[in-house]
Amino acid sequence: SRHQRRTALPPHRPPRGSLLPNKSPTPTRCRHQRQRMAMDVRHPLARSRGIAYARDLLSQGVSRHDLSRAVETGTVVKLRSGLFAFEADSNMASAARHGGTATCVTALRHYGVWVLYDGPENHVHVPVGSRIHPHPECSCVTHRTPIRRPFGFMPVREALVHAAQCLSSEAFFAAFESAWFQRLLSRSERAWIRSNVPRRFAELV
């Protein structure tokens with residue numbers, strides 16, 4: 001009847017032997033998780049020109065576990081203790097491994113300046129008071145000044161001043177003229193170069 005008490009139905013149970021939904025992560029899900037982890041490392045590393053100390057990455061929210069996993073998967077490489085980069089074989093990475101910033105003819109070539117000297121050495125600026133780090137197959141030429149720059153390449157004006165220590169007068173003038181006609185230098189930077197190179201080079205600027 002209408003007033004008859006309804007009988008509660010038992011909860012639904014899947015037939016014996018049927019498959020329950022699989023709750024374990026699928027390979028695709030795991031791969032996506034690894035990709036998200038790698039992105040967490042790549043973004044702050046990119047903000048540091050592709051090279052950064054571990055302490056700087058950790059301060060931006062990257063965990064030590066994420067950093068270790070990124071190295072294991074090849075997302076980033078460890079240049080030396082506490083220093084990480086996207087790649088290990090570039091002039092910029094080699095300079096950072098050495099302890100400084102690419103400069104002189106190495107930096108000038110990076111900016112597209114015509115350099116008569118074609119030696120294979122990597123020229124690196126390491127600030128006075130900073131440590132030089134020995135590394136395998138090191139053929140670096142070290143330049144020392146008190147100036148401190150982030151990892152990467154020294155500005156054109158400073159690279160030219162350093163080049164005056166390594167190039168002949170003819171090669172220096174060719175590099176300066178190339179940078180000047182490519183508008184890589186301002187008039188004030190030209191004056192700064194003139195005041196920071198030996199007299200025999202200053203006459204060419």
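Buried means under 20% relative accessible area, exposed over 50%, and partly exposed in between (1.4 Å probe, protein chains only). The model is predicted: local features need pLDDT of at least 70, side-chain atom pairs count only at pLDDT 80 or more, and totals for chains, interfaces and linings use all residues. Residues are numbered from 1 along each chain as its sequence is written, and side-chain values use heavy atoms, with hydrogens and water left out.

**Exercise 1.** Classify Phe-151 and Tyr-53 as buried, partly exposed or exposed.

*Solution.* Take Phe-151 at 14% relative accessibility: Phe-151 is therefore buried. Take Tyr-53 at 25%: Tyr-53 is therefore partly exposed.

**Exercise 2.** Count the aromatic pairs, then classify the pair Tyr-53 and Phe-151.

*Solution.* Rings of Phe, Tyr and Trp (its six-membered ring) pair if their centres lie within 6.5 Å; planes under 30 degrees apart are stacked, over 60 edge-to-face, the rest tilted. The count is three aromatic pairs. For Tyr-53 and Phe-151, the centres are 5.5 Å apart and the planes are at 55°, so this pair is tilted. The two residues are 98 apart: Tyr-53 is in strand β1 (residues 51–53), Phe-151 in the loop between β6 (141–143) and α6 (156–163). Helices (H or I, at least four residues) and strands (E, at least two) are DSSP runs, numbered from the N terminus.

**Exercise 3.** Classify the pair Phe-176 and Trp-180.

*Solution.* The ring centres of Phe-176 and Trp-180 lie 6.3 Å apart with planes at 20°, so the pair is stacked. Both residues belong to helix α7 (residues 169–181), four residues apart, so about one helical turn separates them. Phe-176, at 3% relative accessibility, is buried.
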